Each structure stands twice: as C-alpha cells, then as structure tokens.
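Here's a quick tour for anyone meeting this structure for the first time. Have a look at it below, and then we'll walk through its main features.

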Amino acid sequence: MAAAALLRGALPGRGSAAWRWRLHEAPRRRLTLGSGSPGGDPADGASWDCFLLHERALLRVRGPDAAPFLLGLVTNDLPLSSPDAGAAPPPARAAYAHFLNVQGRTLYDVILYGLPEGAPGFFLECDSSVLGALQKHLALYKIRRKVTVELSPELHVWAVLPSAPHLSRAVPLQERAEATAILARDPRTACMGWRLLTQDHGVTLVPRGRLGDLRDYHIHRYQQGIPEGVRDLPPGVALPLESNLAFMNGVSFTKGCYIGQELTARTHHMGVIRKRLFPVHLEGPLPERGIGLGTVVLTETGQTAGKFRAGQGSVGLALLRSDTIKGPLHMKTSENRQVAITASVPDWWPPATK
C-alpha cells in the first residue's frame, strides 16, 4: 500500500503554515488525536459527532492543466495538491471558494481539496443538487485544456465536530490524506471543525466518533452564520461579499483574474458593504412548513430591513442591512402572524464588524 501523507493539525486559516506533512509507512485505519495542548490534554475523553452530508457531493478535476483551469474560475487560491516530503510546509490542503457568473454573483459554493495520489488535480465539494450544473459550467470553459472532470460517487462527505463545542480550537485530530480518505480542517472557520472524505463509514475512522443528527449540524452552522448550498446561496442572486465570503477565507484579492472578479474587487476596495448575511433567531408561532424563503424582514416602523434566506427550526440566515440589526425586527408569515427576529454577530467575525 502506498505511504499515506499525514498532517498534524494546527491553527486554521487560508494560506497559513497550518499543516505539517510527514510520510508514514504503516498508516492506521483510524484517525488519531493530535498532541495535547499546553497545560493539559483536552483530547483525553473528547468525543466527536460525525455527520454524513447527503446533500454534498464531489467532482474530481484532474490533469496537467487542472490548477490554471480552476484558478480562472474560482474566487480563491487553490490548496496544494501534491506535497513534496522534503519541501517547506505547504499551505492548507482545503480551500473555500465560490464560482461566480459574469455579473459577479455566486453560482456555486465549493470546498476544494488537493488530490492525495500525486496526480495534479482537486476534489470539488458542492451542493449535490447542482452537481450536473457545475459539471456543465466547467465543461463550458474547458476548451482545449488538458483537464478531466468526473464524478466521485465512491467518496462521501462527512462533517466532524467535537461534541463539546469549546474544544473546536483546542483539540486537533491527526489528519491524513490517502487514496481512500482525506481529513482536513474546515477552511471557513475553526468552529466548523473538520471535513472528512472517505469511502468508509466515517464514524469508524474517528476515535470516539458517534453518528450525529444532520439537523444538529445545520442548526450549528446557522447559529454560526455559515451559508452552505443553493438554499442559502441562491445561484445568480447572492453576492459573495454580502455572503461573508471574505470572512470565511473564501476570496483572494491578490490572485490572478477569474470570472466575476471585477464587481467583487471593486466592492472590496470601496469598502462599503451595506447588507450582510446574519444569523438570526426566530421567536413566535412558526408556520408548520417553516418561514418562506425570501420573506421580507421589517423594522419596528415597517421599513424593509432585508429578507429571510433559509433556516432550520428557530434559527436561520437573513440578508439584512447592517444598520438595522440592533433594533426590533419581525416578519409576517403566510398566516399573517408576526414572528420576531433577533440578529447576531458571530464571535468569529473580525472585530471591526462588531
């Protein structure tokens, strides 16, 4: 069996020296815990909730031109695909990015992973409902590039979160990348834990892992203000910076050109973003089918503050004017009932936004 490349987790962050690669001749089947933190070992007794993300799927983009091909289409730099054992520590092996249309609006949100086999290429994790559309989008721009785009149905996407949320930054798993499994820190924010791609049942690979309820995963990410998939980021509607792409390490303002770059770069350099996706908590009698997507959010005086985007139960995301979030907000349901909304600013956002 080919040697597995193991990574030791450190602090998260795009482009940081967060990963340390080491070759190991006898890879174990289970992912192990990393070394303890100063002043004790919080890893002792730590357990992990593993969520099988049925609504996420994978494409494999490989070939000699895979990197320049994708760089011209996505908002971010690419994760290193094939590390050299003798080289300096490579950047993070996972990267978050959006594909944009020519008007600069989001089409698809993806997490990219470098292929572990040594061949140049990447896995693209996306919403499974737009898998075919993303394939067609890539084929449209492929032209004569030496690139192969193919489905990867043999691999499943798992989210791995510590059962105790306060351990999300303190307890690293010992990460690995090999032919049948990739474990990488979620590149968006530390509070989203890890991403696991595997052919196996994810719970069996994670020490003290247990199967989590998918609803708990969605509630957690909504509470943290993390959009994911086409419900949260409607194709051709959502604007990347209003969707907090920069906060989630999803855009590089120093990389080369990509489709939709002009509006994104101009908005960034002007420094004016009047609306953002905020996590919201709903209070009041909720309709049996939930709040309708796009329901208007109103201020106390009846002025429009924004629109409800998506949610799970009493939590969700709303695109709101930043100058309205501290005041009382509400929505009217299809039954003409009033639901109060409380918007919040996540702890992990930059201090200047609070």
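Of the 354 residues in the chain, 50% count as buried, meaning under 20% relative accessible area with a 1.4 Å probe and protein chains only, where exposed is over 50% and partly exposed lies in between. Keep in mind that this is a predicted model, where local features need pLDDT of at least 70 and side-chain atom pairs count only at pLDDT 80 or more, while totals for chains, interfaces and linings use all residues. Residues are numbered from 1 along each chain as its sequence is written, and side-chain values use heavy atoms, leaving out hydrogens and water.

The chain holds 5 helices and 20 strands; these are DSSP runs numbered from the N terminus, with helices (H or I) of at least four residues and strands (E) of at least two. Among contacts between residues at least 6 apart in sequence, 71% join residues at least 24 apart, a contact being heavy atoms within 4.5 Å.

**The barrel**

Start with the closed barrel: 6 strands in the order E15-E18-E17-E16-E19-E20, with antiparallel pairing. Neighbouring strands of this sheet are turned by 40° against each other on average, direction ignored. Two strands pair if DSSP finds at least two bridges between them.

| Strands | Bridges | Partners |
|---|---|---|
| E15 (residues 275–283) and E18 (residues 315–321) | 7, antiparallel | valine 280 and glycine 316 |
| E15 and E20 | 4, antiparallel | glutamate 283 and alanine 340 |

E20 has a covered face with Val339, Ile341 and Ala343, and an uncovered one with Gln338, Ala340 and Thr342. The hairpin of E19 and E20 has 5 residues between the strands, and asparagine 336 there takes a positive phi near 65°.

Which residues of H4 are buried? They are Tyr217, His218, His220, Arg221 and Tyr222. Their cover includes E4, strand E10 (156–162), E13, E15, E17 and E18. Just after H4, glycine 225 takes a positive phi of about 75°.

**Rings that meet**

A search of the whole structure turns up 6 aromatic pairs. Rings of Phe, Tyr and Trp (its six-membered ring) pair if their centres lie within 6.5 Å; planes under 30 degrees apart count as stacked, over 60 as edge-to-face and the rest as tilted. Tryptophan 48 and tryptophan 194 have ring centres 5.4 Å apart and planes at 85°, so this pair is edge-to-face. The two sit 146 residues apart, tryptophan 48 in strand E4 (residues 48–52) and tryptophan 194 in strand E13 (residues 194–198). Both are buried.

Another pair, phenylalanine 247 and tryptophan 349, is tilted, at 5.1 Å centre to centre and 55° between the planes. Phenylalanine 247 lies in the loop between H4 and helix H5 (261–270), and tryptophan 349 in the segment after strand E20 (338–343), 102 residues away. Both of these are buried too. Ring pairs also link Phe247, Phe278, Trp348 and Trp349 into a cluster.

Finally, look for charges over rings, where NZ of Lys or CZ of Arg is within 6 Å of the ring centre and within 35 degrees of the ring normal. Arginine 185 lies over the face of tryptophan 194, 4.4 Å from the ring centre, and arginine 188 lies over the face of tyrosine 96, at 5.8 Å.

Conventions. Axes are lines fitted to C-alpha atoms, for helices over the stretch in contact, and angles run from 0 to 180 degrees between N-to-C directions.
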